Every structure is written in structure tokens, then in C-alpha cells.
Amino acid sequence: MPTKTLPKHIAIIMDGNGRWAKAKGLPRVEGHRKGVEAAEEIITAVRELKIPYLTLYAFGTENWNRPAEEIQGLMLLLEHFLKTRQEKMLKNGIRFRTIGDTSKLPQNIGQLIAETSEITKNGKETTLILALSYSSRDEILRAVNRILLKPGTSNLEHRTITEKEFSQYLDTKDFPDPDLFIRTSGEYRISNYLLWQLSYTELYFTKTMWPDFTPQELMKALDEYAKRERRFGKTSEQL
Ligand code: IPE
Ligand code: IPE
Ligand code: MG
């Protein structure tokens, strides 16, 4: 493969599992099952490309409003993924992390998350970040509330805060902002995902449903990314 500019951090909205299943006359949860398989292939491809960060939107705050049966199916898949992939992640140098309000997740999953994060904490290849019970507005509000509740910040009228400082209160404080955003399934929206962090991210949309999103499809997104000129508000001549 010729050398090209690769992103350091890819953030994906894995969308279209339900429609993929429906088109095949299968229950929605089958779409999610295939979606996990697709995610595993993408995680491997990202690691092989030596891309240091991958964030996957796996369950949004608003997804708690789905039918109980679907939520249960998703939680079981998540539990299975964590239980069966812990060792593989460790072996492959994947550092596992999450963003989102994981206190809302079932207790056993909370424990598995803590365990997997701890076991894989020295992984040097790729940091895999799962967004779980995550929404950007919720993250921003939790950050604001942490600032308000911080001991010694009673005189708030006289306090200002910088972008850099604020970022340190977000769930993503340990990670760089995404360079490339991908959303599958032909929906052209952000759906409460990383609103602060995506400010200067290159956006890529594809009609492919997530279960059909292969490493080849990822390569297409990376080719497109390599062609983009990121100006960060400057002119082309300044770059
Ligand atoms: C994305 O697929 C997975 C989750 C939101 C958990 P969807 O379940 O949203 O699939 P569609 O959009 O209904 O096809
Ligand atoms: C976003 O997809 C959340 C995840 C992929 C986990 P949704 O399918 O929930 O988003 P909307 O409802 O189409 O905006
Ligand atoms: Mg969807």
C-alpha cells in the first residue's frame, strides 16, 4: 500500500444494524450480532494500520429508549464481547477504554469494563474506546457539574476556564480529538456524538450498513481522508 496520510484517531457511528437485519427478514438483534463481527474486523484492521485511537459508538444515552428486549440483546452482546475478547486484546496490545456514563450499565458489565480496562492498560498498539451510555450533551453537562462541584470553586463569578482546561473534564481527556469521523447507513447526522471533539474532524458518510462495513470499506474512507486538506481556519498558503 502506498504511504498516505493516516488519521491518528478514527471515530465511528456504527449505524444500520437494524435495517440490515430487517432487509434479510431477521430480528434486529441478529443485525447487532453481525455488527459486533464487523467491529472486530475493523478493530484488527485499525491495529494493523498502526492507527493509535479508535472510538466506536456502541450504545447512546438515547438508545435507553429502545424496546427492553433490544436493550437486553445489546447488553448480552456487550458482555459476551468483553468476556471473550479480553485475552485477545491483551495479546494484541489493545488498550481498552470507555467513554459515557457507565454507571447506568448493568453492574456485571460495569465490572467487566473495569477489569478489561485494568488488564489492558499497558497496551501499546491501539486504544479502543467504546462509547457506552454516551451522549455528548450528557458528557458536557457532567463536565460542567464536575467543575461546579469541585471543592474550592465557590466564587464562580470570578472564574473563567480555557478550552484546554475544559477538555480535561471530558470523558475523552486522555485522547486526542478524532481526525476522521465515519457514519454508516446513509444517515447524515451526528446524533449527539463527540460534539466538542469533532469541531475540526473530517466527516465521511457511507450508505453501507454497519454489518457490511469491511476493512475494504475502511480503506475507501482512508483514501478519501488522505485527499482532504485540513486548514483549521487558515488559508491553503499558510499550511
Ligand atoms: C446501530 O444500529 C447500533 C445501535 C444503535 C446500538 P441501529 O440499531 O441503529 O440500526 P438501524 O439504524 O435501526 O438500522
Ligand atoms: C447512534 O445511532 C448511536 C449508535 C450507533 C450507538 P442511532 O441509530 O441511535 O441514531 P439516530 O437515532 O438514527 O440518530
Ligand atoms: Mg440507527
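**The surroundings of ligand 2**

Modeller: In this predicted model, a polar atom in the side chain of S191 is placed 2.6 Å from an oxygen atom of ligand 2, a polar contact (N or O atoms paired within 3.5 Å). The side chain of R66 also brings a polar atom to 3.3 Å from a ligand 2 oxygen. For D15, an N or O atom of the side chain is 3.2 Å from an oxygen atom of ligand 2. On its own, ligand 2 would expose 390 Å², and the protein buries 76% of that (Shrake-Rupley areas, 1.4 Å probe).

Local features require pLDDT of at least 70 and side-chain atom pairs pLDDT 80 or more, while totals for chains, interfaces and linings use all residues. Side-chain values rest on heavy atoms, without hydrogens or water, residues are numbered from 1 along each chain, and chains are lettered from A and ligands numbered from 1, as written.

The shell around ligand 2 (residues with a heavy atom within 4 Å) includes I13, M14 and D15, then Y57, A58, F59 and G60. N63, R66, R183, R189 and S191 also belong to the surroundings of ligand 2. Strand β2, residues 53–60, gives the largest share of this shell, 4 residues (a DSSP E run of at least two). By class, 5 residues of the shell are nonpolar, 3 polar and 4 charged.

D15 and R66 also concern ligand 1: among the 13 residues around ligand 1, they are listed with G18, R19 and R28 as coming nearest. R28 has a polar side-chain atom 2.9 Å from an oxygen atom of ligand 1. The protein buries 87% of the 380 Å² that ligand 1 exposes when taken alone.

Definitions and conventions:
Polar contact = N/O pair within 3.5 Å; in protein donor to acceptor, adjacent residues only side chain to side chain. Nonpolar A, V, L, I, M, F, W, Y, C, P; charged D, E, K, R; others polar.
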